[in-house]
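I opened my notebook to record what I looked up in this model. The entries follow the order in which I went through it.

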Amino acid sequence: MKKFLLILILLLSVNTFTQNVSVSGFVREAANGEPLFYVNVFLKNTNYGAATNQEGYFVIPSVPPGEYEIMVSIIGYEDVKQKLILRTGKNQRIDFRLKVAAIEGEAVTVTAMRTKFKESMETSSINISMKEIKLTPGFIEADVFRTIQLLPGVQTLNDFSSALYVRGSTPDQNLIMLDGITVYNPFHLGGIFSTFNTDAIKEADFSAGGFPARYGGRMGSILNIINREGNTEEFSGNVNISLISSKALFEGPLPKFGKIKGSWMLAGRRTYFDKIVDGALYFVKKHEKKNNPDYDERDYIGFPYFFYDMEGKINLDIGENHRLTWSSFYGDDVLYFDFEDKYSYDDPQESYYSESTDEGALDWRWGNRTNSLTWRWIYSPKLIIKTFLAESRFRFRIDMDDKSRGFSIFEQDTSRWRDEYGFDIFDILKDKTFETEVTWVVNDQQKITGGFQFKKLDFNLGMLFDMGELHEGKFVTVSDTALWMHEKTFEQAFYIQDKIQITPLFSTQLGLRTSRYSLHEKLYFEPRFSLKYLIREDLSLKFSWGKYCQFLTTANPQDESFRFIDIWLGMPEDRPASVSYHTILGIEYLTKQNILFRLEGYYKDFKNLITLKQDNMYEIDEDEIRFDPFNEFYDTDCYAYGLEFLLKKTTGKIQGWLGYTYAVTKRKTELYNWYFPKYDRTHTINAVANWKWTEKLHLSSSVSFATGNPYTPVLARYEKWSESYWDTETSWRKHSNYIVGKKNSARYPSYFRWDVSIVHRKEKKFGCREWYLQILNLTNHLNTLMYIYDKKYDYKTGSYTGVQRFGVPMFPFLPTFGVRYEF
């Protein structure tokens, strides 16, 4: 790695002896200092120009000395023009602050979308802005995962899950990041809500496949949530109150100290339904105590669940060329309740008296914690070095205790008892990551990116059981069992990527990633490449192919209807890494009105997958309980192919997108020949529209239609007799059993849901106020979650004649509302 850096620096140093110079800098929004990406920066009446990257940075290399007029433009902001004098051997650094255009739709030279259309090489990628996330109707409150589920190529399991099933991949095959930090279980409330607070999000970058060499360790998709940097100009914030939660965000500049300046952002969210229930119960208890002398307040328990999350970010600019960024997140779901019941019995006639106490508690917690430190060093205008340190932890723990104690007195004899039972399940995953990346802008036709990544993983999974009782006046433990698996692995990777504009119409991006997994004595080579041909200025043809390896898996049931948590495991030593091959061909067309049309076809081939053997993770071997999930998987093959269409409009009063997906996914295990997995949907149509009716009123709507998910049908019922023994007597019992068809050979009825949202915004003296109303499933369409089967009873004959089924519905008609304040 050191040799690689030295070579780049040496080559760049050679370039400094030429007469040409570079123009570089940052483009930010004037009001809050947030970086603006894909802004067009160019020298007027020349062919020299560049677009800003995700951090707002641009570099125009190899410009001859002379006098120029530099122009900066992006739709929605005022154009900036400035005279520029370039002298021999002296690079020019110039930063810009853009003001929001006073007149909407003000003509500008190039929009960000059009610039990205020309610059981007990646297939299947899309950027979702904070505005699009907030205006898309969601469940109770806006949610980034719910928004992404409306994109082509993304399938959903049901209304109760925000997990992403992308082009045949399962959620554990997606790389989910917050400011570049891996988040392993990004959900609250069993998947109904995502972990990420939308008020803190600046944008979300999503890639459904064909992603570049810098991303590894996953086979499915990439989602990078980028948080706001914090207002560099003034203190500001907002407060959001919905039916179940409250959110707050505060941001502002750091005090300047010499050449050191920066900004900060802090956001938090908590559900408060438990507090509402507790408040209501307080008045109920008060009323009952007043009117009922025998009232026992233990008859009422509060709502035992809540979740919260907190996140923050600090940016520190040390001069022009160095920036330190600290990013942190902490969130937990908590399900807790306890009880204590006391009983007494007194029978003077029998000289008997007894007292007993039963008490217990359930403490169930799961959540994420992340911290990262990033150092960005602009070594020269054309060479940027980034160093990244991060730690991520996912924790899942259930701690349950039950205790019983008491005594009894009969005549003159006293007896005592005490029983205790404890049960503890835990899954803790710790991730420590180091990464360094070098970006070298060779010239305006070539950019080379390379880097090194090291990831250390610590898996701690197990169960603890203990039982005890009072024996001869002493409490003794009669059973103490531990099922435990603790494993440490690491992953190393080196990647290099070369983006070359071969001709004005033809570009290529070549990448290679080499990975090493500590339990496997081999190197994994992951070549990737992309091609792009501009048929016309507004019409392009794209192709990408790549190999992707994954060294992690989850022990989740394959037929789950609810994806509550993910239990992560490293790939065992005797199993090869899971591999996926992506092949993608697409065509894009961008109209003069900035409406994007995209048509893509894809094929994904999966190798070395494993599927959990359900209900068979524990075995008794030689009078010993053995917990070894590594040996409890089926070898699995999978392939997926499909066709996707996207129409997206990002300007004007009416914005949104229309997406269609034709998808086929099939899996094969040792038990079942090729079958459709539960998340497969053949046809999916999603339409999202945001209408700015007036300056104060926004209307939003999303309509989803999809063919049904597959399930295994029940064909018939039969009765089976079994013999049982009790003491010396023999008895026979009758059981009902079902005959099922081929695995997932039937499908649920088609899915349809129409959601609407209304937002009313009113300016106030110290900010603004927004009221919002959201309605889920406006037509109250019955969408089937699952079927429950039971014996069918014939009331005429008084006998059971067959099988009947009942459909369990998803979300009904559900209105919610809230209010948001900005200051």
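**Entry: aromatic rings.** I began with the rule for ring pairs: rings of Phe, Tyr and Trp (its six-membered ring) pair if their centres lie within 6.5 Å. I kept in mind that this is a predicted model. I counted 41 aromatic pairs by this rule. I then looked up one of them, F235 with F823. Their ring centres are 6.1 Å apart and their planes stand at 40°, so I noted the pair as tilted.

Where do F235 and F823 lie? I found F235 in the loop between strand 17 (221-227) and strand 18 (236-241). F823 is in the segment after strand 49 (814-822). The pair therefore ties together parts that are 588 residues apart in sequence. I also checked the cover of F823. Its relative accessibility is 38%, so F823 counts as partly exposed.

Next I turned to W691 and W693. They form a stacked aromatic pair, with 5.4 Å from centre to centre and 25° between the planes. W691 has 36% relative accessibility, so I wrote it down as partly exposed. W693 has 44%, and W693 also counts as partly exposed.

**Entry: charges over rings.** Which ring does the charged end of R681 sit over? I found the ring of Y751, with the charged end 5.0 Å from its centre. I noted K743 as well. Its charged end sits over the ring of Y675, 5.3 Å from the centre.

**Entry: S22.** I placed S22 in strand 1 (residues 21-29). Is S22 buried or exposed? Its relative accessible area is 4%, and the cut-off for buried is under 20%. So S22 is buried. I then listed its contacts, leaving aside neighbours within four places in sequence. S22 touches V59, I60, P61, S62, N91, Q92, P381 and K382.

**Entry: strand 16.** I looked at strand 16 (residues 201-207) and found it mostly covered. Seven of its seven residues are buried. I followed its pairing with strand 9 (residues 125-129): the two are antiparallel over five bridges. S129 stands opposite E203 in strand 16. Strand 16 also joins strand 17 by six bridges, and these two run antiparallel.

Entry: I traced an open sheet of four strands in the order 3-2-5-6, with antiparallel pairing. Which strands stand at the edges? They are strand 3 (49-51) and strand 6 (80-86). Each has a single partner strand, so one side of each is left without a neighbour in the sheet. The twist averages 20° from one strand to the next. I also followed strand 2 (residues 40-43) to strand 3: three bridges join them, and they run antiparallel. N40 has A51 in strand 3 as its bridge partner.

**Entry: whole protein.** I finished with the totals. The protein has five helices and 49 strands. Of its 823 residues, 51% are buried. I checked contacts between residues at least 6 apart in sequence, and 67% of them join residues at least 24 apart. The accessible surface comes to about 39800 Å². Carbon and sulfur atoms hold 57% of that surface.

Definitions and conventions
Residues are numbered from 1 along each chain as its sequence is written. This is a predicted model: local features need pLDDT of at least 70, side-chain atom pairs count only at pLDDT 80 or more; totals for chains, interfaces and linings use all residues. Side-chain values use heavy atoms; hydrogens and water are left out. Rings of Phe, Tyr and Trp (its six-membered ring) pair if their centres lie within 6.5 Å; planes under 30 degrees apart count as stacked, over 60 as edge-to-face and the rest as tilted. Buried means under 20% relative accessible area, exposed over 50%, partly exposed in between (1.4 Å probe, protein chains only). A charge sits over a ring if NZ of Lys or CZ of Arg is within 6 Å of the ring centre and within 35 degrees of the ring normal. Contact means heavy atoms within 4.5 Å. Two strands pair if DSSP finds at least two bridges between them. Axes are lines fitted to C-alpha atoms, for helices over the stretch in contact, and angles run from 0 to 180 degrees between N-to-C directions. Accessible areas come from the Shrake-Rupley method with a 1.4 Å probe; for residues, only the protein chains shown count as cover.
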